[in-house]
Amino acid sequence: MRLSLSLAEARRLALVAQGFGRAPRGGVGLRQLRSQVERLGVLQIDSVNALVRAHYLPAFSRLGHYDPALLDQLAWGKPRQRALFEYWGHEASLLPLELYPLLRWRMRRAAQGQGIYRQLTEFGRERRTVIERVLQAVREQGALGAGSLGTRVGKAGPWWDWSEEKHALEWLFAAGAVTVAARRGFERLYDLPERVIPAALLEADVAEEEAQRRLLLHSADALGVATEADLRDYYRLDAGTTKARIAELVEAGELSRVAVEGWRQPAYCRGEPRIPRRSEACALLSPFDSLIWERQRTERLFGFRYRLEIYTPPAKRVYGYYVLPVLYRGLLLARLDLRSERARECLAVHAVHPEHGLLDAEALSALAGELHALARWLGLAQVRVDCRLPAAPALRQALNA
């Protein structure tokens, strides 16, 4: 067993674990899509729709052109078609159905007021009558959205200004008393788990410690090589729990300690790592892509400091509103601020920022190809570079070549 990895080897191992460089030949069907999502183990959901909803882009980044309706089918389709469910995995997430028993302990804790937002904890303690009323409505009517139950009088406030019924549904969802049966637009429709989740998974009883160990092994498979903090973050486990479970997995021989060049903390991997000699992947990465969502890991792996600036006031943004890192041959070489401008039928590049001048002609050509492919996938007629930054003319020329 190797005890050390160079930084370049760690990057290549992480990329292959995340499914980069394995684009299927021919079209992408349900089987390939399902396999990719199960490989990742979690897709983060986010409401921002500046480009495309966050859960759709990771599969495109790895597989290329596919029909997003296939992911809808896996997540919210007919019971026999489903392979995913919604829950708090890494934030709000789509997760493979097989993981449902491994998160029951989190649901039980949430029902006891642990591990959820303070606002929901207080609501669950103080508003039991509302919770029972809403749960009874779901029992009787099924697949309900918060808007169907709302008793609020007057105009709603911002998105966090939830009605009592929305609070109740979210508490019930966190506690596992309801689950997401479908989406109407981006609105969740809630139903009883027994009408959505296969009975065998509902009945499966996995002890809390064993569930946490198995989640960490899923994290290790998806990350390739990872520190304790990396493994913990993937499914948002707590530090004390993770350290204890990792020690148990190392003792059992299911995780191995390795040292990675330049990393202060020890790392872990599954078995004997098979490291590719090179990584040829070129991809645009969602801000919510599992390759980069742990920002300190992104800095350790790629020397790339990345922060989401969506909630930063425009005048204080450094790179833009919806910024996608550019992966090329194992490195993160640039950042693009992208927008789907459907009224103009174009994919708009609002900013392009190379890292340390690393966008040579070959990288620019590959990036142009990715932008054209993304526009086609989104049903947009063209790509437009709408900025005057120094790298813009070269990118514009590559797009026109």
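**Ala 174 and its setting**

A: Ala 174 belongs to helix H9, which spans residues 164–174. The model is a predicted one. Ala 174 has a relative accessible area of 1%, and because buried means under 20%, it counts as buried. When neighbours within four places in sequence are left aside, Ala 174 is in contact with Tyr 87, Trp 88, Arg 106, Met 107, Ala 110 and Ile 116.

In soluble globular proteins, nonpolar side chains tend to be buried together. The largest nonpolar core here has 119 residues, of which Leu 51, Leu 336, Leu 338, Leu 347, Leu 371 and Leu 374 touch the most other members. Helix H15, residues 361–377, supplies the largest share of this core, with nine residues. Beyond its neighbours within four places in sequence, Leu 347 is in contact with Leu 51, Leu 338, Leu 371, Leu 374, Leu 378 and Leu 380, together with Ala 375 and Val 383. The contacts of Leu 347 also include Arg 339, Gln 382 and Arg 384. There is a second, separate core, made up of 25 residues, among them Val 258, Ala 267, Ala 283 and Tyr 306.

In H2, Leu 33, Gln 36, Val 37 and Leu 40 are buried. Their arc around the axis is only 95 degrees, which puts these residues on the same side of H2. Gln 36, which lies in H2, has a relative accessible area of 7% and is therefore buried. Not counting residues up to four places away in sequence, Gln 36 touches Gln 18, Gly 19, Arg 62 and Leu 63. Just after H2 comes Gly 41, whose phi is positive, at about 85 degrees.

H2 also packs with another helix. Two packed helices are described by the angle between their axes and the distance between the axes. The axes of H2 (residues 30–40) and H4 (residues 68–76) come within 10 Å and cross at roughly 65 degrees. This crossing is right-handed. On the H2 side, Leu 30, Leu 33, Arg 34 and Val 37 take part, and they meet Leu 70, Leu 71, Gln 73 and Leu 74 of H4. The residues of this contact comprise six nonpolar, one polar and one charged.

Glu 228, located in helix H12 (residues 228–234), is buried, with a relative accessible area of 14%. Apart from residues up to four places away in sequence, Glu 228 touches Ala 239, Thr 242, Lys 243, Ile 246, Pro 266 and Tyr 268. Ile 310 lies in the loop between helix H14 (295–302) and strand S11 (323–328). At 7% relative accessibility, Ile 310 counts as buried. Neighbours within four places in sequence aside, Ile 310 is in contact with Val 48, Arg 317, Tyr 321 and Tyr 322. The C-alpha atoms of Ile 310 and Ala 375 are separated by 22 Å, and these residues are 65 apart along the chain.

Two further loop residues complete the account. Ala 143 sits in the loop between helix H7 (128–141) and helix H8 (146–149). Its phi is near 40 degrees, a positive value in a residue other than glycine. Ala 143 is partly exposed, with a relative accessible area of 36%. Glu 345, in the loop between strand S12 (331–341) and S13, has a positive phi of about 55 degrees although it is not a glycine. At 48% relative accessibility, Glu 345 counts as partly exposed.

Notes:
Residues are numbered from 1 along each chain as its sequence is written. This is a predicted model: local features need pLDDT of at least 70, side-chain atom pairs count only at pLDDT 80 or more; totals for chains, interfaces and linings use all residues. Side-chain values use heavy atoms; hydrogens and water are left out. Axes are lines fitted to C-alpha atoms, for helices over the stretch in contact, and angles run from 0 to 180 degrees between N-to-C directions. Helices (H or I, at least four residues) and strands (E, at least two) are DSSP runs, numbered from the N terminus. A crossing is left-handed if the near helix is turned anticlockwise from the far one by less than a right angle, and right-handed if clockwise. Contact means heavy atoms within 4.5 Å. Ala, Val, Leu, Ile, Met, Phe, Trp, Tyr, Cys and Pro count as nonpolar, Asp, Glu, Lys and Arg as charged, and the others, Gly among them, as polar. A nonpolar core is a set of buried Ala, Val, Leu, Ile, Met, Phe, Trp, Tyr and Cys residues joined through side-chain atoms within 4.5 Å. Buried means under 20% relative accessible area, exposed over 50%, partly exposed in between (1.4 Å probe, protein chains only). The arc is that of the directions from the helix axis to the C-beta atoms.
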